[in-house]
Amino acid sequence: MNFLPLWRYQNQLIDGAIVTLELTVISALAGLVIGIAGAVALKGRITTLRWLVRGYIELFRNTPSLIQIFIVFFVLPNFGLKLPAFEAAAVALSLYFGAYSVEIIRAGLDSIPRSQVEAGQCLGLSGWQVFRHIILPPALRNAYPAVTSQFVLLLLGTSLASQVAADELFHVAGFIESRTYRSFEVYAVICAVYFAMAMSFKALFAIIGMTAFRWPRRR
């Protein structure tokens, strides 16, 4: 084993890691917005909208995310919508993350007792005020562990963007391997970087959970 030939590519590795983080954060934020909107739609009274959201969930949760990326990158240009590799991957991963977030947040909304909603209505709050101040905050708190776990899976799933030549970490690894022919060393380093990022986010989310939501530490 010889890791020294990889040292000259440290800047590319750093750039790839940054792109991976950018892709993860953008997709997670967009997916979270989709998740909240979809969960609200599922709880709403518009039957057609509920069916559309349910169809979206089933479609994106039961098809490979790689195919979804390919469709956005290779198929949509036939309909006049051509996106660069990074943007195409971000759109596909956002929709993929959003499909899971809808169900996670819906479960959080369902966990709120009806009595709390009725108490807000008795205080004269509007429907929007009840949702914003009484339903949504504790629902997000209850959904937080599942959402953060899905975030870590999204981080690892960004490696699929390399298949459309997005300049994220795994794509950089392929470039370095083709130049150095050090397959084991390259992918060992990439594995370590992904592991470090995943564990860092898990630690960060645990700290946020203990401070923002006042969760007790596990013993």
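**Before starting**

The model is predicted, so local features require a pLDDT of at least 70 and side-chain atom pairs count only at pLDDT 80 or more, while totals for chains, interfaces and linings use all residues. Residues are numbered from 1 along each chain as its sequence is written, and side-chain values use heavy atoms, with hydrogens and water left out.

**The whole chain**

Display the chain as a cartoon. Eight helices and zero strands are present, in the order α-α-α-α-α-α-α-α from the N terminus. Helices (H or I, at least four residues) and strands (E, at least two) are DSSP runs, numbered from the N terminus. Along the principal axes, the C-alpha atoms fill a box of roughly 70 × 50 × 25 Å.

Next, show the surface. The chain exposes about 12,900 Å², of which carbon and sulfur atoms supply 66%; accessible areas come from the Shrake-Rupley method with a 1.4 Å probe, and for residues only the protein chains shown count as cover. Of the 219 residues, 38% count as buried. Buried means under 20% relative accessible area, exposed means over 50%, and partly exposed lies in between (1.4 Å probe, protein chains only).

Contacts (heavy atoms within 4.5 Å) may be considered next. Among those between residues at least 6 apart in sequence, 75% join residues at least 24 apart.

**Annotated spans**

Select residues 17–205, which an unreviewed UniProt entry annotates as "domain: ABC transmembrane type-1". UniProt positions are given in the numbering used here, feature names are shortened, and annotations may be inferred rather than shown by experiment. This span is 81% helix and 0% strand, with its end C-alpha atoms 19 Å apart.

The unreviewed entry also carries the annotation "transmembrane region" for residues 20–42, 63–80 and 186–213. Select residues 20–42: the span is 100% helix, and 32 Å separate its end C-alpha atoms. Residues 63–80, by contrast, are 61% helix, with end C-alpha atoms 24 Å apart.

**The nonpolar cores**

A nonpolar core is a set of buried Ala, Val, Leu, Ile, Met, Phe, Trp, Tyr and Cys residues joined through side-chain atoms within 4.5 Å. Select Leu13, Leu23, Leu169, Ile176, Val186, Ile190 and Met197, the residues with the most contacts inside the largest core, which has 37 residues. The elements giving two or more residues to this core are α1 (10–43), α3 (65–75), α4 (85–110), α6 (127–157), α7 (169–180) and α8 (183–212). Helix α4 gives the most, with eight residues.

Centre on Leu23. Leaving aside neighbours within four places in sequence, Leu23 is in contact with Phe86, Ala89, Ala90, Leu93, Thr158 and Ala161. A second, separate core of 11 residues includes Ala39, Val130, Phe131 and Ile134.

Move to Ser101, in helix α4. Ser101 is buried, with a relative accessible area of 1%. Not counting residues up to four places away in sequence, Ser101 touches Gly31 and Gly35.

Then select Ala165, in the loop between α6 and α7. Although Ala165 is not a glycine, its phi is positive, at about 70°. Ala165 counts as partly exposed, at 42% relative accessibility.

Finish at Tyr181, in the loop between α7 and α8. Tyr181 is likewise not a glycine and has a positive phi of about 60°. At 68% relative accessibility, Tyr181 counts as exposed.
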